[in-house]
Amino acid sequence: MHRFFLPEGCIKQDSVDISGEIVHRLRNVLRLRGGDHIIVLDNAGWEYEVELGTMSREAVEGSVVGKAAAAGEPVTGVTLYQALLKGSSFELVLQKCTEIGVSCFVPVVCERCVTGEPGKDRLARWKDIILEAAQQSRRGKLPRLHNVVSFREACCSVQGLSFLPWEGEETGGVRDLLRGTPDSGKADEVGIYIGPEGGFSVEEVEYARSCGITPVSLGRRILRAETAGLVAAAVVLYEFGELNAR
């Protein structure tokens, strides 16, 4: 069934009121009719099976026929501190990392960033990309998108286990770091810091280290800036059991 996140207040105890762009998608794109079923999500961890009823150009009414806890959310909360990237690379990061289970995105301005801070239109597009990816991948909650921060601000907000993939690190690997956590390879919160196309400067790496963020290696191969976050997040979620069979 098709899945849609709805704004707060649209889902009542036994009924659902849908308006806005979703109405167009239901009627004109998917060509659904009264009696068809969809899944709607409240962004609080619950999903509802809804039977569509009255459908007009402006609104759709539906009846709730089932409710269950959404099963698509990881136990480990991964926050990706991603440096701003040029072109559509940042959008690719948002889309694919939403699909695999990243819980929060923080856009970061680093020394070697070659693109400026996003405007309102670009931020709106980023939110739409997250929404579409979350619906497609059966997420139960929308990943949060924070405001743009400086690298130092990002480092000062560190929580839980945090690491920074860096091509200059030659001894410590990400797997060793993750498997060495006190709770037998588990962590409630993990922060991943990814640099821009030109990488982190040595000064940035040392500042991150002073804030408790561990530089790690992702292997012998050098990954592109839009690839490194996806790989690092996938490694974390795999090691902590989030990518295993249902």
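Predicted model: local features only at pLDDT ≥ 70, side-chain atom pairs only at ≥ 80, totals over all residues.
In strand E12, Pro215 stands opposite Leu164.

E10 is mostly covered, with 5 of its 5 residues buried. Leu161, Phe163 and Pro165 point one way from the strand, while Ser162 and Leu164 point the other way. Residues on both sides are buried.

Strand E6 covers residues 77–83 and includes Gln82. The relative accessible area of Gln82 is 1%, and because the cut-off for buried is under 20%, Gln82 counts as buried. Apart from neighbours within four places in sequence, Gln82 is in contact with Phe90, Val93, Val106, Pro107, Val108, Ile194, Gly195 and Ala225.

Helix H3 spans residues 120–136. Its 17 residues, at 1.5 Å a residue, should span 24 Å, and the end C-alpha atoms are 24 Å apart, so the two values agree. The buried residues of H3 are Trp126, Ile129, Ile130, Ala133, Ala134 and Gln135. These buried residues pack against strand E1 (3–5), helix H2 (89–100), strand E7 (104–109) and strand E8 (144–145). After H3 comes Arg138, which has a positive phi, near 65°.

How values were computed:
Residues numbered from 1 in each chain as written. Heavy atoms only, no water. Helix = DSSP H or I, 4+ residues; strand = E, 2+ residues; numbered from the N terminus. Buried < 20%, exposed > 50% of the residue type's maximum accessible area, 1.4 Å probe, protein only. Contact = heavy atoms within 4.5 Å. Pairing = 2+ DSSP bridges. Expected span 1.5 Å × (residues − 1).
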